[in-house]
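Please study the sequence and the structure shown below before reading on.

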Amino acid sequence: MSELCDKSKDNYQECCRPLQITFRQIVIFGSDYFFSLHTMTQRQLFLQHVAQTSEAPLCFEVSKAEGVYLYDQHGRPHIDLIGGISVCNTGHGNPFVKDAIKKQVDEYLHVMVYGEVIQSPQVKYATALAAQLPANLQSIYFTNSGTEATEGAMKLAKRITGRSKIISFTNSYHGSTQGALSVMGSEYWQQAFRPLLPDVYQLEYNQYDVLNFIDEKTACIILEPLQSEAGVFTPDNNWLKAIRQKCDATGCLLILDEIQTAFGRTGSLFRFQQCDIVPDILLLGKALGGGMPLGAFISSKPKMDTLSFNPVLGHITTFGGHPVCCAAGLAGLEFLLKENLIDEVQFKEQLFTELLQHPSILKISSCGLLMALHFDSYETNKKIIDTCISKGAFTDWFLFASHALRIAPPLTISEAEIRSACHIIIEAINEVTC
Ligand SMILES: Cc1ncc(COP(=O)(O)O)c(C=O)c1O
């Protein structure tokens, strides 16, 4: 406890004077708040008051983010190799996105719950997205997050088909709320929260015998067109096509989760464009909001309209499609297309692959700028990740592939930045493994 500003001492009121804070204000706001702010580090306060998701968080303290760089509390730049987990595709602090946000902030923030009034940023963004999508994906329901998109899509599938059976896959991730958790492909993360949704079946990804389980009782099958969190696992296109055909034959709806793979990440605007299939319901999130919180489930207008009757307001949200988030998302999409960022993805993927040759890298699995470097164990990977961070390259591992290092930088990363990131990674691998 600081001698200078000890709550138990008479000088406590005195020491707050430089901040122009009166004793009355301290009582109103809570003296512990001011005391904590001035005696504890950001790190201590983070660990004490910001709810934690793991026992050993990275605790990287961000002071600024710009382009492909995150700046720590000392102002030191770190190349961001994960882009907020595939969110910041157009770079941190993109001026075009920031201008759109500022403009919208001046016009209006929240005005009314989703769906009832016409909000221009929502209309413009939905129209721009529809222009990039096939004829059966023209109605966009905006949510606040990816997991809410998953929830909405599963409800929509049940509402349309009148069925309850849902099929998902091992090593899949669709979000953390209870419906999305029910279709998550891992007992480890589910067991503490059971009972979850009934009538959900988990099958093996990329296996043809799953086709036998899709039947006239199945409402939907939910899958990622590649499994990001499995360490970037890409299925056979023929398997995806066979699933599509079986869905058509049985009336089961195909939900494709592109929350992590869309917006150029894998080398096309949407990953399904490379797979020769079109889903009945498409899920978007992450980069959809240009750095702001936004998700969406997308289907045909007749299908989506079923959420508006019997019951009316079949799916509602207060903040979904917030005008500032839609304005930011639209600016992000416009920037992505205008700058032809997607055209450069394959070249950048190749450059990373060429530069990241090392005997300790057992395998590189990638699709565009979604890449995984596979090492022999979690322990090796974690040491390499920590060394990379200490050397100025920010990275992480995957939920279902803790032995693999994640590379998913902003798509704006330059050739020179790729070279210096790879230099750091190779140095880190040498330090850890040699
Ligand atoms: C494929 C996929 N689906 C769904 C989600 C959940 O999105 P959110 O964290 O916005 O709820 C994620 C998040 O990582 C994801 O990667």
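## Surroundings of the ligand

The shell around the ligand divides into three nonpolar, nine polar and two charged residues. Here Ala, Val, Leu, Ile, Met, Phe, Trp, Tyr, Cys and Pro count as nonpolar, Asp, Glu, Lys and Arg as charged, and the others, Gly among them, as polar. In total, 14 residues surround the ligand, and the closest are Ser145, Gly146, Thr147, Gly175 and Ile259.

## Basis of the model

This is a predicted model, in which local features need pLDDT of at least 70 and side-chain atom pairs count only at pLDDT 80 or more, while totals for chains, interfaces and linings use all residues. Residues are numbered from 1 along each chain as its sequence is written.

## The nonpolar core

The largest nonpolar core has 109 residues, of which Ala157, Cys220, Ile221, Leu253 and Ile255 touch the most other members. Helix 13 (residues 323-338) gives the most to this core, with ten residues. Domain 2 (64-86 + 341-433) and domain 3 (95-338) both contribute residues, so the core lies between them. Such a core is a set of buried Ala, Val, Leu, Ile, Met, Phe, Trp, Tyr and Cys residues joined through C-beta atoms within 7 Å; buried means that 20 or more other C-beta atoms lie within 10 Å of a residue's own. Helices are DSSP runs (H or I, at least four residues), numbered from the N terminus, and the domain bounds come from an automatic or database domain assignment.

Methods
Near = placed C-beta within 6 Å. Buried ≥ 20, exposed ≤ 12 C-beta atoms within 10 Å, placed from the backbone. Helix = DSSP H or I, 4+ residues; strand = E, 2+ residues; numbered from the N terminus.
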